[in-house]
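The sequence and the structure are shown first.

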Amino acid sequence: MAKLTKKQKLALEKIEAGKAYSLAEASAKVKEVNYAKFDASVDIDVRLGVDPRKANQMVRGVVTLPHGTGKQVRVLVLCNPDAEAAAKAAGADHVGLDEYIEKIKGGWTDIDVIITQPAIMGKIGALGRILGPRGLMPNPKSGTVTMDVAKAVEEVKKGKIDFKVDKNGIVHTSIGKVSFTAEQVRDNAREFVNTLIKLKPATAKGTYVKSIYISSTMSPGIKVDTKTIDD
């Protein structure tokens, strides 16, 4: 086991072993135990009582965080010429089609989100092996394949994120930065967890939200009392 640094030990000392904090307490505590010298991300991990191997228990969706993610999201819009002006006006960082498809084929993936139109998906299909592993492939379920690309750009820039449960039944995502106030962290976490609850599969049995942990990029995880989400 790797030896803990002095800062890691100090962070752990501020977290009571075995305690499940209220969401409000955890949202404040994650700022208190952060020791990174940069504006670290605040992450949330939610373990769900589902079996992702079963198609009818796959949990996937989108959520717009009330206070955004705190990240500068780089958006590429692949669209027909008639939609380019609207996409640029909405804040897209890159807009075009064939030239960007060729750039991606050449290995360029310096973007966070790709938004496109349904009619364009035929051209993008060949990029699956490049975009898929990086989580960049547009998908109608996440709202990144749409006729209204301008609206999709605006939503992403405001803090819309997509998520999917992993093979271990855990949903992990970033919900802000340590520079956020504790109330902003709490609001974003609450919105995210409540969205997960709304997506509960009808076939899921037993306890659905099994555990919740909040952490920053370099801090230990803080256990959240699942009963305090709406407090």
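The quantity pLDDT is the predictor's confidence in each residue, on a scale from 0 to 100. The model discussed here is predicted. Its mean pLDDT is 92, and 97% of the residues reach 70 or more. Among the elements of the protein, strand E3 (residues 75-78) has the highest mean pLDDT, 98, whereas helix H1 (residues 6-13) has the lowest, 69.

**The antiparallel sheet**

An open sheet is built from four strands in the order E7-E1-E8-E9, with antiparallel pairing. Its edges are formed by strand E7 (170-177) and strand E9 (222-224), each of which pairs on one side only. On average, neighbouring strands of this sheet are turned by 25° against each other, direction ignored. Within the sheet, strand E1 (residues 41-48) and strand E8 (residues 209-216) are joined in the antiparallel sense by seven bridges. Val209 in E8 is the bridge partner of Leu48.

Helix H2 (residues 23-32) lies across E1, E8 and E9. Which residues of H2 are buried? They are Leu23, Ala26, Ser27, Lys29 and Val30. These residues cover an arc of only 165° around the axis, and therefore they lie on the same side of H2. The elements that cover them include E1, E8, E9 and helix H8 (182-198).

**The parallel sheet**

Three further strands form an open sheet in the order E4-E3-E5, and here the pairing is parallel. Strand E4 (94-96) and strand E5 (113-116) are at the edges with a single partner strand each, so one side of each has no neighbour in the sheet. The twist from one strand to the next averages 15°. E3 and E5 run parallel and are joined by four bridges; the partner of Leu78 in E5 is Thr116. Helix H4 (residues 98-105) packs on this sheet and touches E3, E4 and E5. Helix H7 (residues 149-158) lies across E3 and E5.

| Helix | Strand | Angle |
|---|---|---|
| H2 (residues 23-32) | E8 | about 25° |
| H4 (residues 98-105) | E4 | about 115° |
| H7 (residues 149-158) | E5 | about 160° |

**The pair E2 and E6**

Strand E2 (residues 60-64) and strand E6 (residues 160-164) pair in the antiparallel sense over five bridges. Val62 stands opposite Asp162 in E6. In a regular strand, side chains alternate between the two faces of the sheet. In E2, the covered face holds Gly61 and Val63, while Arg60, Val62 and Thr64 belong to the uncovered one.

Asn188 is situated in helix H8. Is this residue buried or exposed? Asn188 has a relative accessible area of 0%, and it is therefore buried; the cut-off for a buried residue is under 20%. A polar atom of the Asn188 side chain lies 2.8 Å from the backbone oxygen of Ile175. Neighbours within four places in sequence set aside, Asn188 is in contact with Leu65, Pro66, His67, Gly68, Ile175 and Phe180.

Definitions and conventions: Residues numbered from 1 in each chain as written. Predicted model: local features only at pLDDT ≥ 70, side-chain atom pairs only at ≥ 80, totals over all residues. Heavy atoms only, no water. Pairing = 2+ DSSP bridges. Helix = DSSP H or I, 4+ residues; strand = E, 2+ residues; numbered from the N terminus. Axes fitted to C-alpha atoms, helices over the stretch in contact; angles between N-to-C directions. Contact = heavy atoms within 4.5 Å. Buried < 20%, exposed > 50% of the residue type's maximum accessible area, 1.4 Å probe, protein only. Arc of directions from axis to C-beta. Polar contact = N/O pair within 3.5 Å; in protein donor to acceptor, adjacent residues only side chain to side chain.
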